Structures are given as structure tokens and as C-alpha cells.
Amino acid sequence: MTALDSLVAAVLDEVRRQAGVQASAIVRAESSALALTRFAASAVHQNVADEQTTLHLQLTVDGGRTATASTTRTSSAPDLVTATLAAARLRPRDADWPGLGGSAPLVSSGNPDEATAQTSPAERAAAVAAFVEAAGGLSTAGYVQTSASTVVLADTAGQHVRGAATSAACDGIARLSGADGVARSASRRFADLDPAALGARAAAKARAGVDAVPVDPGRYAVVLEPAAVGDLVAGLASGQFNGKAVVDGTSGLRLGEQQFDRAVFLVDDAVGPDATGLPFDTEGTPARRTDLVRDGVPVGLTTDRRVAATLGSSSTGHASDTSATAGPVAGDPALAAADGGSVDDLVAGLERGLLVSDLWYTRVVDPKRSVWTGLTRNGVWLVEDGRVVAPVSTLRFTQSYLEALAPGAVTVGSVVDPQPGRLTMTYAGTNRLAVPALRLASWNITGNTTG
Amino acid sequence: MAEVPGNVEAAAFDAATAAVEAALAAGARYADARLVDRRYESMTARDGDVRALTQTTSAGLGVRALVGSSWGFAALGDPAGDDDARRTGARATAIAEASAAVPGPPVDLVSVPAVQGGWASECREDPFAVPLAEKGDLLTGVTATMRAAGVAVAEASSQAWDTRTAFVSSEGARIGQHVRECGAGMHCLTVGDGETQRRSYPAFRGQFGTRGWELVREIDLPGHADRIAAECQELLTAPSCPSGDTTLLLGGEQMSLQIHESVGHAIELDRILGWEAAFAGTSWLDLDQLGSLRFGSELMNITIDPTIPGALGSFGFDDEGTPATARDAVRNGVWVGVLAGRDSAAVAGLGYAGSVRADGFARLPMVRMTNVGLEPGPHTLEEMIAATDDGVLMEHNRSWSIDDRRLNFQFGCEIGWEVKRGRRGRMLKNPSYTGIGPRFWSSLDMLGGKAPGEWRAWGTPNCGKGQPGQVGHTGHGAAPARFSGVRVGVRG
């Protein structure tokens, strides 16, 4: 029995002692380590590491009075249970409480990489040095991150599971005369990162972005590079395929209809060989692969037990510490590659339009239509007759992500380039979004930084 | 100087001291440590039921160490004793030594007094002493009211934080702080044919302060539930905000976010120096123009003031041990001050710090907003409306976006009204506006705050910055204001 198993057992024993055998509880003990080395002006300026073990308890009494609590004071299980029980007893009974899932086998045991968990500050600094060196003298900024988490979860209905996960990311820019170029990568393994290649790519982008010129607002065909596609996919995952958004009526998905181009296939690949998440969610539901779009037809949602019960389905294993309020969201979204070729190939098929590296500060304007506003960042270029003809200064867009993927409007690239992103606020604060580049028929540019 | 609050335990100072001593022994030339014990509670009600009730205790040690020109930071949850503290201190120094593999320019720290003392926020009614049943009754009651009025979804929530910090530095500082914060808010949604509408009160995420539960009683959620539910339904049939350039009037809550995004972040010195270039971004401001650059009109007076009683960005000392001090950021429209830390101020050649904060024990202290607010002006909202021949009034934020230099912004609001010939006219849905920071602020031609209650220190409990991510609590004094020639009605 591990130390985490002992902590979980102690809390469950305390639940039975204080709340009785009729009480329902989910107990989770999580040991996490996060280290991040940050650089700016080609020097490490912030370098952090933290370790903590956290106990989480969800306790339900009287068949529907629930409270949750967590503490880093792992030696105080009795206090945790006492406080949670007091809170639960004061709550009105929730008639829609979905109950516990009970025993269910895991589909995957997770994908932790021990070497990633043991990465040293010196190794992260060496990765930074490689990025900086490869940028060939351009000023650089970014981060290299590694994280590891081990979790034990048990509930009073018989579920008892263990899992571990690791993640690594390198994300940086190179800067030249007001132009920034970006390159980033995410994996479950630190060894998969190639910071020198990323530094070189960021520098090449920055050099190609010097002397940018404004373009007029209007509708443009675009090629979105993987970093920009990651933002689009994250927006759809959080606002459209999130089952709570469907329950609330704020999602504009039309399940079962040909809402997207036939080239669009989207899954949450939570148990694939590259998944960075844990093999179960915070309710103990085993993670599984969830098809979201097939042949351009929305076919699935991400749910937790409450949302699933409301929709008359079973949980897809997407409960999190924030899903009660923010809804259950995909943690390992993967947009399938297709036959569009490389970014250069996609650009070659563009008569006139824009090549966009990255999107920034994207916010929902109209949830139902998934209209987002945001800005380009780290490079945008004007394309004419299939060739990049000029770098363009930062642009603002106001665009429906749903409509951008409409039938006939999408060409999907052939190379998946995993991006770090923020979706489920895991221990590491990052998720892995597996996305290719896209060519889209229309993107609504509504302004630029000159007005 | 006030004494250390009695509920910051002596053992916390012992652990922090042990960590600092270990960091120095391992080779650091400067170190500081914070032992933070934070309690948090949130309750969310939806459609007449309590939907979520969470209580969190987060306690641990965070240590900064400076070796040569390189920083290291290590944190440990719930250290078991001084041995754990010493191990964490030594680890911070080891991480700083690793940083030196990719070194930067020399690091200096501007001088601050090595205070031995403390501070506690004012709190008339401890939010953690208010019975959960009372909180639940309040939140379920207002959501039931809104649902009964016909909205599709009604939610309300409250949050409270109790944070006790023991800070020790190798320069001799020994500071204890006890900060209590809380707040609440509510919103509702209506769903029409292909659209959703939202109304909230008192702000889109609620109102928060370094105060006790008396703040929640003052905002009177029950007194506004029927109104926002009715407005939310009326929005479904309201005409859309027209598109074009016009006179824009903004309510105080929206002004607070306008200040936060286009002024507060722009004056963060770490952004100006490029330290946040890859993530949060930089700033359009150039230090060479500090003291001379025109940021806005003569009506624009922005202060950095962590001493405002009860505002969410208030404290006695920042997380570098610098005593809270008020200073100007923009005076009569001219940019004159920044949000700074000890190292960034030294790089910039400035003589002040005081705006460095961390999100709990496990995160590195960094330059953050405190209370960045606009001083009240000579007008009232009603005077502004009466003086406007053709314009749009917008209230309550719904979406926000701004570029990485803090220049080009676009905001959506929940509700708007036509202003025609000096009168408030029809309700407008989907109001939005866009602009460029200094051009927009230069068009500020009327500023409220003259009428009682128009100026308020709004609290923002969710300011994101940093890698790993940190959530900051900031305050923004704001009143209604009028701007000329603003582009409104941006469509997607």
C-alpha cells in the first residue's frame, strides 16, 4: 500500500466513523510536482518548482446533501471529514444528485514517463539554452515545463483506482525588430521535445515577419497554423462540446447534422498512447476515447455524471474540480489530419488570404453561434496566388468558430503538431491539443492595431 | 507600525526563517520565504438549489533565492517542520544555480525598509462565521426568484478567503499579515432563437473586497433579482446595437474592466521590460516616455493605491515585504508611474517597488496590479446623458479581449441603451465597442463620480498572469464615463 493509498483509506475510515455507512464519498489523494523554467531576453529569469500532496473529499449524506473540500494538510483527515460533513448537512437535499459510479475497470493505466518526472532544473535549463542558441542571436522568451502527478481515488461504492501522468512542454518566441515568431510543442515525455528545432523555427518566423504592413478589415480566406488551430479547438471543446453548455442552451451544436465539413474529425483521445491526462476523472469514471465529430457530423459531448444524467446518457469521464460550474471539458482533444499536406501546401492552395501563426486573448462574444473575438499574434502574412507576399501587422477578428468549419469551407493539413493549451486546469495547467494546420474559406477580420 | 496579527503563528516564522537561513547557507546572496495558510470557501446555487459547496485549505512554504544574477523558487505543501523548510530553502538556491546556465544581466534590488510588524484587513463580520445555511438561503433565494421570473438559467455564488502569511527575508524583514476577502454575485441567462442573453449583478463575476460579509449584505442581491431577470428577457426582443462611430457612455462596472485591461496591465513594469513577452505580452509604453507621454485626456487620473480600505487589491505589505504606498500612474492624462517590484524597479532606474504578489504559497511573487483606479470626475451619469445628443450607454461586461501590447481592445457588454437628444431611449442588445488605448482615453470628455455611490472600488478576483498560471485579486476605482467617436456594434 502506497502513502497515497493510506491517506485515502484513512479518510474513508473517518467518513464511515463520522457519517455512517450510508454516507457516500469520493476520496482522492494527489501528489503533484510541477517545475517550470522561464526565460526572457534570452536569459532564465524565473525558475520554479513546487511539490504538494492534496486530499480531496466529496461527501454526500441523506442521498443528496453534498459538500466538497480539499486540503494540503494531509495529516488532518478527521478535520477534513468533520468540516465537510458539517457543510453537507447544512445543504438542502439535491434531488438531481447523480450518485456514485461504483466499481468500473480502467481502460488505460495512464502514460507516465518516469524520466520526465525526474527531470532536473539543469536539464530544463539546458533545453532553454538549446532554444536560445538555435535562434541565432535573436532575443528569445518562453518556458520549458515538466510535471508529474500520481493519484489514488476510492469511493464508498467500491471504486478504487490508481493512476499517474506526466507532461512536458516547450513554448517560446524569437523577436526581431518588432516581429515575433513562435514555436511550441507538448508531450507526455520531456525527451520528445526538440527545443533546438523549436528555437530555429521561431527565429525563422520572426525573420519573415519584419516590416509588417496593415491590411484592411474584411473577410479573408486563411491558413491557420497549428498554434492557431489549437485555440479554435479549445474554444469548441469548452463552449460547444461541453455537455453543460448543451444543458444550459448556450451550445450551438446540431448533433447528428452535417454541421461541419466532411474533413473534420474530432475526438477526445483520453486513453491514447500520447494522452497526458490521468486514466480516470474526479468522480472515478474511467477515461475513454470520446468521438466528438465524425465526417463533419457532431456525434458526441463531454459529460460528467450530473450532465450525463440530465442528458439521459452515461458519463464520458470528464468530471473535474471545476466541472460543476464550468462544465465537463475535453482534456486531450485531437483533430485528425487529412490530405491537405503541409502548411506550405495549404498556402499554395490559397488564391488570396492570410497565413496566421497564432491567436491571442480570444473571448466569446456570442456563445450560441460560438462567435469569438481575438487577435493574431506571433506572425500573420498576406498570401497571393499561393505565395506569401508580405508580413502583416496584428489583426483583430470576430468570427464564429462553428461557421468557420462549415461544409465546403475546410481543408485539413496532413501533419499533426501537438500544442500545449489550457483546457481543464490540470495539476500542470496545460493540456495537449493534437492539431494539424487548417485552410478555411472565410475569416472575419474586424480591425487592426492601428484602428 | 502595527504588530503581527495574533493568529499568524510564531512557528510559521520559525519555518520561514529556517528556509531563508538554508538558502543563504547553500550560497544565495538574498532569500525570502513566505509561510502561507489560506482557507477558501465557495458556494454556487443554480435554479433554486445549492449546486456546489467547496472548502479548501492550502498551506505551505514558498522560498525565493538569488544567486549572482539568477533567481530560483521552490515551494512545498504543508512542511512537516524546520527540516522540510530547510530542504526547500536549499532547493530554491539549487534551482537558482541552474538558472545561471542561461544568465541575464546583473540583478539589484531597490531598497525597502526591513519591517518587523504586521497588518490585518478590516472585517466587521467574518465571512467564515456566517452560517452556511444563511449563505445557502441567500443564493438559492435569488436564483429561485430569477427562475420564477422566467429566465432559462439562474446562478448565484459567494466566495471567501482567509489568508495568513508569515514573511521573512534575509535583510531582516519579519512581517505577519491576515487578509480576509469575500464577495458574491448573480447572473441569469435567457435563450432565444439562435441567441443567448445574460444579465448579472452587481458585476459580471460579482463584487469582492478585502472586507467581511458586510459587503455581501450591502450589495443586496435579493433587491435586484427581479430587475435583472426582467432585463434579461427583454434583451431577447431588443434591437441590436447599431454599428458605427458614436458617443459612448460606460457604466462604472465596465469602466473598471476598461481600466484593468488597458491601463493596469499596460503599466506593469515586467511587461514593459519584456519579461512577459512570450505569454502575457509586453506594453506599448516606453520607459523613456515616463513622465511625458500623454495617455489620455486631462480628466484621466489613475492611481496605484493598495491602501484603499476594503478594496480587493489592498494589503499592508506586498509579497516582497514592501509597505503599501499610494502613488500616481497617470496624472492629468500624463503617464507618470508603474507597477513595480524590487528587481524590475532597479533595472528601470526607479526608486520604488511595492506591487509584487503571489497566488498562494506555491507560486512565485511577480508584478501584479493592486488597486489601479480612476479618480472620480466632476459629472454625474445623468449629466452625461443629458449632454449627449446621439450615443449609446453600455453596462456590465460580457466579453473582453485586448492585444499583447495592450493597445487594441474589444469589449462586449450585457446591455445597452440608445441615448438620443439627452435622454435614455430603447434598450439595445449585444452592445460592443472597440478602440486603441491612448486614442480612446484621449476621447474621455466627461467623467462621473459626483453623485453619491457613482464611484466605487470594484473587485476583480480572477486576474490571470504568469507561468505557471496565477490568479490575482485586484481593485479598480471607477465611475461612469463618456467617450467621443468610438466604434460600436462590432459584428461577427
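Residues are numbered from 1 along each chain as its sequence is written, and chains are lettered from A in the order in which they are written. In this predicted model, local features need pLDDT of at least 70, side-chain atom pairs count only at pLDDT 80 or more, and totals for chains, interfaces and linings use all residues.

**Exercise 1.** Decide whether A:L224 is buried or exposed, and list its contacts.

*Solution.* 
Step 1. Locate the residue. A:L224 sits in strand 7 (residues 218-224) of chain A. Strands (E, at least two residues) are DSSP runs, numbered from the N terminus, as are helices (H or I, at least four).
Step 2. Apply the cut-off. A residue is buried if 20 or more other C-beta atoms lie within 10 Å of its own, exposed if 12 or fewer, and partly exposed in between, with C-beta atoms placed from the backbone. A:L224 has 28 such atoms within 10 Å, so A:L224 is buried.
Step 3. Find the partners. Two residues are in contact if their C-beta atoms, placed from the backbone, lie within 7 Å. Not counting residues up to four places away in sequence, A:L224 touches A:V229, A:L232, A:V356, A:A437, A:L438 and A:L440.

**Exercise 2.** Determine how compact chain B is for its length.

*Solution.* 
Step 1. List the elements. Chain B has 10 helices and 23 strands.
Step 2. Along its principal axes the C-alpha trace of chain B spans about 70 × 55 × 40 Å.
Step 3. Check burial. Of the 492 residues of chain B, 66% count as buried.

**Exercise 3.** Describe how the two domains of chain A meet.

*Solution.* 
Step 1. Domain 1 covers 3-208 and domain 2 covers 218-448 of chain A. Such bounds come from an automatic or database domain assignment.
Step 2. Take the distance. The domain centres, over C-alpha atoms, are 23 Å apart.
Step 3. Count the residues. Domain 1 of chain A gives 41 residues to the contact, and domain 2 of chain A gives 33.
Step 4. Name the main contributor. On the side of domain 1 that touches domain 2, strand 6 of chain A supplies the largest share, 8 residues.

Definitions and conventions
The radius of gyration is taken over C-alpha atoms; the globule rule is 2.2 Å times the number of residues to the power 0.38.
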